[in-house]
Amino acid sequence: MSNPVQIGVFSVSDITTDPTTGQTPTERERIKASIAIAKKAEEIGLDVYAIGEHHNPPFFSSSPTTTLAYIAAQTERIQLSTATTLITTNDPVKIAEDFAMLQHLADGRVDLMLGRGNTGPVYPWFGQDIRNGINLALENYALLRRLWRETDVDWDGRFRTPLAGFTSTPRPLDDVAPFVWHGSIRSPEIAEQAAYYGDGFFHNNIFWPMSHTSQMIDLYRRRYEHYGHGAYHQAIVGLGGQFFMRPNSQDAWREFRPYFDNAPVYGHGPSMEEFTSTTPLTVGSPQQVLERTLSFTDHVGHYQRQLFLIDHAGLPLKTVLEQLDLLGGILPEMRAGFAEGRPADVPDAPTHAALVEVAGGPKDSTVYAEGDAVTGRPVEYR
């Protein structure tokens, strides 16, 4: 059953020293921890687990589809996603193949967030130029959409070799492509792209004031309506967030402060007091986290997905699992709060089942073709 707002967690896959113990986890420990966190997320009733993509230390998640496939085999209900898949440096052909395969393995519990990432050196590692970032995102996604929706694709673009009569396999499950979220923090071109196609727009606002978030989502909503996909308030929006909770708010502040002060992403910058006052980071009691999260609709309207950054800054696995238990305790109230005052015509969060229904039901899109088992050439050319 779909929830109007999917609530979940995401990881950026950092390997960070715990400032309170001086211990740094190994890659194996962090990879195994991501599995435990995803399983715990399902256990407490969350809707989504997402993991990012990086190709450099101090991150471990260079192959998120591998991780998600492993998680799919050990879970039954939770939606699996990315945060993000690098549309700029991945080959669209490989994205099409990998996520269609993951769809089949996970029985449709798959979507993905596309983005440009935040690591500039990744571009030359994969033969690209960061100055082409926006154009790569636009062109590669145009091809990706075609690969999921068409067979015998002819393609001639700027950034990859041409395709002639190419069919990506396997075909999408039920002949329905995975739902796509376009993730961006500051690029209006990406909000425009999401609106043009009628896809979701995810604003990972964990480092930004809500005033900026409101402007970006307003742009996306206006353009979504302009392109005829629905009314302004019906656009598909997702938000990031982060928290640290303890039953007593003073304990939360005392325990989280060394992690905040030393975190690579925001340590040695603004104080925790400044950061919590200007960004969605909430440090305090479960009730404070609940109230802060539910206030997001005041800035962006009713939306479809809320993901929390959960395992960063060197937090040990034990602490992360405790945070999830606390989130599970307020989850029913959070769902009720998101539903309160929600207009009936605001779409629910997209799911594979809902997309299949809109498409008229499941279809087997397997491409059957006679050919040489070694070369793949059609029989008549042997």
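Helices, as I use the word here, are DSSP runs of H or I with at least four residues, numbered from the N terminus. With that settled, I looked just past the end of α1 and found that G45 takes a positive phi of about 100°. I note at the outset that this is a predicted model.

I next went back over α1 itself, which covers residues 27-43, and its 17 residues reach 24 Å from first C-alpha to last, close to the 24 Å expected at 1.5 Å a residue. I looked up which of its residues are buried and listed R30, A33, S34, I35, I37, A38, K40, A41 and E42. These buried residues of α1 pack against β1 (6-11), β2 (48-51), α2 (64-74) and α12.

That took me to α12, residues 317-339, where 23 residues reach 32 Å between the first and last C-alpha, close to the 33 Å expected at 1.5 Å a residue. I found a kink of about 45° at I330, shortly before the proline P332. I330 is also among the buried residues of α12, which include L326, L327, G328 and L331. After α12 comes G341, and its phi is positive, near 75°.

Last, I checked α2 against α3 (residues 92-105), whose axes come within 10 Å and cross at roughly 5°. Angles under 35 degrees count as roughly parallel, and α2 and α3 are therefore roughly parallel to each other. In their contact, T65, L68 and A69 of α2 meet D98, F99, L102 and L105 of α3, and by class I recorded five nonpolar, one polar and one charged residues.

Terms used
Residues are numbered from 1 along each chain as its sequence is written. This is a predicted model: local features need pLDDT of at least 70, side-chain atom pairs count only at pLDDT 80 or more; totals for chains, interfaces and linings use all residues. Side-chain values use heavy atoms; hydrogens and water are left out. Helices (H or I, at least four residues) and strands (E, at least two) are DSSP runs, numbered from the N terminus. The expected span of a helix is 1.5 Å times one less than its number of residues. The bend at a residue is the angle between axes fitted to the seven residues ending there and the seven starting there. Buried means under 20% relative accessible area, exposed over 50%, partly exposed in between (1.4 Å probe, protein chains only). Contact means heavy atoms within 4.5 Å. Axes are lines fitted to C-alpha atoms, for helices over the stretch in contact, and angles run from 0 to 180 degrees between N-to-C directions. Angles under 35 degrees count as roughly parallel, over 145 as roughly antiparallel, 65 to 115 as roughly perpendicular and the rest as oblique. Ala, Val, Leu, Ile, Met, Phe, Trp, Tyr, Cys and Pro count as nonpolar, Asp, Glu, Lys and Arg as charged, and the others, Gly among them, as polar.
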